[in-house]
Amino acid sequence: MQLKFIKIIFLIFLGFFYFGYSPSVSKSDVVNSDNNYMYSKVDIKESILEKTERTYTSEETYLARIIISKIGLNRPLYSLNSKLNTVDKNIEILKNSDMPDVINGNFILAAHNGYSLISYFHNLHKLQIGDEVNINYNDKKYTYRVSKIYDVIKTGKVAVKRDKNKTTITMITCKDDDKQLVVIGYLV
């Protein structure tokens, strides 16, 4: 009886880590602009992963690839209209993102943090100012240098603070139970 109880507790514990949750970002709205900085709010919704198969196959070609050598991340990114462009399957390109080739644009990405198989931003917290993030897009490599790292309280919105005169990458994931981690990089 005691062994059965321990097995049940273990399965619950394992399920918590496997089916963890983190933000899914749905839109971005500009709320303030001054001193050459753009402040925008990004809606965040909590999503509890359904117990579905986590593996998928696709003949769909990817749009871009993110490579962050420091944290061992090398992942394809899919187009905005792709069924694979969701945090529940991949790293999501947010709907209001500009592509990397847009001058002074903001390429915004969100992914899960935690210990599940789809927690692609699990090690994002290990990045430091000056680290490089590479995006391969349209046969060109875009290198961004991390310039800002900050936390915000998880309220359903994430304030994206960036220099609107620079081409930017913004990466968002959850941190702890009540915070979001925001990493901003500028094109080199």
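Accessible areas were computed by the Shrake-Rupley method with a 1.4 Å probe; for residues, only the protein chains shown count as cover. On that basis, the protein chain exposes about 10500 Å². Carbon and sulfur atoms supply 53% of this area.

The model is predicted: local features need pLDDT of at least 70, side-chain atom pairs count only at pLDDT 80 or more, and totals for chains, interfaces and linings use all residues. Residues are numbered from 1 along each chain as its sequence is written, and side-chain values use heavy atoms, with hydrogens and water left out.

The protein chain has 1 helix and 11 strands. Both are DSSP runs, numbered from the N terminus: helices are H or I with at least four residues, strands E with at least two. The order along the sequence is α-β-β-β-β-β-β-β-β-β-β-β.

Of the 188 residues in the protein chain, 44% are buried (under 20% relative accessible area, 1.4 Å probe, protein chains only). Contacts are heavy atoms within 4.5 Å. Among those between residues at least 6 apart in sequence, 56% join residues at least 24 apart.

The structure holds 1 aromatic pair. Y137 and Y142 form this pair, with 6.5 Å centre to centre and 50° between the planes. Rings of Phe, Tyr and Trp (its six-membered ring) pair if their centres lie within 6.5 Å; planes under 30 degrees apart are stacked, over 60 edge-to-face, and the rest tilted. The pair is therefore tilted. Y137 is buried, at 8% relative accessible area. Y142 is buried, with a relative accessible area of 8%.

Charges also sit over rings (NZ of Lys or CZ of Arg within 6 Å of the ring centre and within 35 degrees of the ring normal). R65 lies over the face of Y62, 4.8 Å from the ring centre. The charged end of K166 sits over the ring of Y186, at 4.9 Å from its centre.

Definitions and conventions:
Buried means under 20% relative accessible area, exposed over 50%, partly exposed in between (1.4 Å probe, protein chains only).
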